[in-house]
Amino acid sequence: MTRPAAGRVLDGRVTIPRPHRDDVLIGAGTFLGGLLLWSLGLHLHGGHSELPPWAALVPLAVICAQELFRRSLPLTTLAVGTLALTADLFTVGSLFTVLAFTDVIYAAVVYGSPATARRVPVTAALITVASAIGLMVLLQDPEGLFLGVLFGVLTLTPSITGVVIRNHREAAGAARLRAEQTALLAEMDRVQAVAAERARMARELHDMVANHLSAIAIHSTAALSLDDPGTTRQALGVIRENSVAGLAEMRRLIGLLRQSDDDDEPAAAPTLAGLEALVRQACANGAGSGLDFALDDRREDGPALPAPVELAAYRIVQESLTNALKHAAPGEVRVQLTHAAGRALTVTVSSPFGSRPGPRAPGSGAGLVGMRERVALLGGEIAAGPAAGPPGGPARIWCVRAVLPVPDGKEHSA
């Protein structure tokens with residue numbers, strides 16, 4: 001059964017909070033100590049009182065009972081403890097009543113509200129000063145100052161000790177919270193890094209293998225649908241070539257994944273210098289579909305582009321050629337590159353848009369997503385969709401146009 005929390009109203013009644021085990025030990029130990037001194041006849045006021053000696057046990061019992069709630073009800077415990085100490089002054093007195101009162105002040109500062117923790121030391125200091133001055137004036141003797149200092153030891157010292165302990169606990173709690181937040185942020189960074197790496201690996205795997213697998217799918221379909229030994233032999237040749245190239249790309253990707261941080265040789269990444277070979281391969285793969293491929297490189301001479309820009313441009317062209325092999329109507333597929341010093345690199349790939357006879361490979365749209373992700377990482381722009389064809393060409397084309405920023409002063413020589 002669930003235990004009610006402190007101060008919770010249950011069935012119209014306020015439940016009494018359950019004392020802490022340490023508080024029970026403190027209260028019981030204090031009462032037994034006071035009872036022992038009382039039985040031995042050791043009194044704080046030397047036995048000068050009109051009340052019987054057993055009357056000193058009443059304030060002791062009250063303040064020890066309040067010790068049970070020093071954590072859950074610190075302000076109430078302080079108020080009752082003050083009344084108990086005042087009553088103890090009219091009896092023979094008990095040393096343990098005074099000690100319990102100092103503990104009540106300490107607990108009020110440590111376990112009380114922030115406002116209580118601020119007010120108790122200030123109040124204790126003011127009472128100490130006032131009692132020292134008042135007793136010295138009343139008694140007309142320096143002994144009054146001594147009594148005021150003694151009262152300050154009983155009130156101001158435990159309150160200051162409570163402030164120090166409370167500050168240390170709050171500092172430790174803040175340190176633990178910062179450590180937890182730091183660990184949480186580190187875990188979030190790790191998760192984001194893993195997600196980003198998985199996305200990068202997915203883009204690389206798709207861009208490297210999709211081109212070859214698309215050619216294999218198209219030519220294998222053609223070989224199965226056409227009963228022509230020459231066409232079948234040509235298709236099998238293209239299938240073998242793309243299979244070998246695809247396996248080589250897969251081995252390179254696996255090598256990248258297995259590469260340790262201690263390797264001195266960086267992994268070679270595709271560059272724009274390999275576009276001619278990429279276009280020649282596309283020509284061989286698309287010959288059976290009536291496709292022709294052309295590369296129009298209008299870049300000005302100058303320093304080589306940054307490696308991330310070249311890699312993104314290469315993959316955009318590769319994916320665009322793959323999509324053309326899958327979906328383009330017979331005609332010319334043109335790849336155009338433009339770049340001048342201090343300006344962005346523009347990649348444009350256009351292909352005839354429309355239906356075509358013969359086998360086609362299905363698409364999933366992952367290629368367009370990968371291209372957009374690559375361009376977004378570089379802060380560029382990309383557009384892909386049907387558009388009006390050029391004069392003298394097809395009526396409609398599918399155009400992919402990507403603008404990749406090149407940071408000034410950050411181009412690297414080859």
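Let me start with burial. The protein has 414 residues, and 36% of them count as buried. Buried means under 20% relative accessible area, exposed means over 50%, and partly exposed is in between, with a 1.4 Å probe and protein chains only.

A word on the source. This is a predicted model, in which local features need pLDDT of at least 70 and side-chain atom pairs count only at pLDDT 80 or more, while totals for chains, interfaces and linings use all residues. Residues are numbered from 1 along each chain as its sequence is written, and side-chain values use heavy atoms, with hydrogens and water left out.

Now the inventory. There are 10 helices and seven strands in the protein. These are DSSP runs, numbered from the N terminus: H or I of at least four residues for helices, E of at least two for strands. On contacts: among those with a separation of 6 or more, 73% come from residues 24 or more positions apart. Contact here means heavy atoms within 4.5 Å.

On to the sheet. What is the strand order in the open sheet? The order is β3-β4-β5-β7-β6, five strands with mixed pairing. From one strand to the next, the twist averages 10°. For angles, axes are lines fitted to C-alpha atoms, for helices over the stretch in contact, and values run from 0 to 180 degrees between N-to-C directions.

Let me walk across, pair by pair. Strands of a sheet pair through backbone hydrogen bonds, either parallel or antiparallel. Two strands count as paired if DSSP finds at least two bridges between them.

Start with β3 and β4. They run parallel, joined by nine bridges. A294 has R334 in β4 as its bridge partner.

Next, β4 and β5. These run antiparallel, with five bridges. Q336 stands opposite T348 in β5. T348 in turn stands opposite R401 in β7. β5 and β7 are antiparallel as well, over eight bridges. Last, β6 and β7 (residues 396-404) pair in the antiparallel sense over eight bridges. There, A388 stands opposite R396 in β7.

Which helices lie on this sheet? Helix α8 (residues 275-286) lies across β3 and β4 (331-339), at about 165° to β3. Helix α9 (residues 307-327) packs on the sheet too, touching β3, β4, β5 (345-352) and β7, and its direction makes about 5° with that of β5.

How do α8 and α9 meet? They pack at an angle of about 10°, with axes 11 Å apart. That makes the two helices, α8 and α9, roughly parallel. The cut-offs: angles under 35 degrees count as roughly parallel, over 145 as roughly antiparallel, 65 to 115 as roughly perpendicular, and the rest as oblique. From α8, the residues involved are L275, L278, V279, A282, N285 and G286. They meet Y314, V317, Q318, L321 and L325 in α9.

The UniProt annotation "transmembrane region", from an unreviewed entry, covers residues 24-44, 89-108, 120-139 and 145-165. UniProt positions are in the numbering used here, feature names are shortened, and annotations may be inferred rather than shown by experiment. What does the model give for them? Residues 24-44 are 76% helix and 0% strand, with end C-alpha atoms 25 Å apart. Residues 89-108 are 70% helix and 0% strand, with end C-alpha atoms 22 Å apart.

D23 is in helix α1 (residues 21-39). Is D23 buried or exposed? D23 is buried, because its relative accessible area is 1%. Its contacts are E67, L68, R70 and R71, not counting residues up to four places away in sequence. A28 is also found in α1. A28 counts as partly exposed, at 37% relative accessibility. A28 and A65 lie 37 residues apart in sequence, and 8.5 Å apart C-alpha to C-alpha.

Finally, helix α2 (residues 57-67). Its buried residues are L57, P59, L60, I63, C64, Q66 and E67. Their cover includes α1, α3 (74-88) and α4 (95-111).
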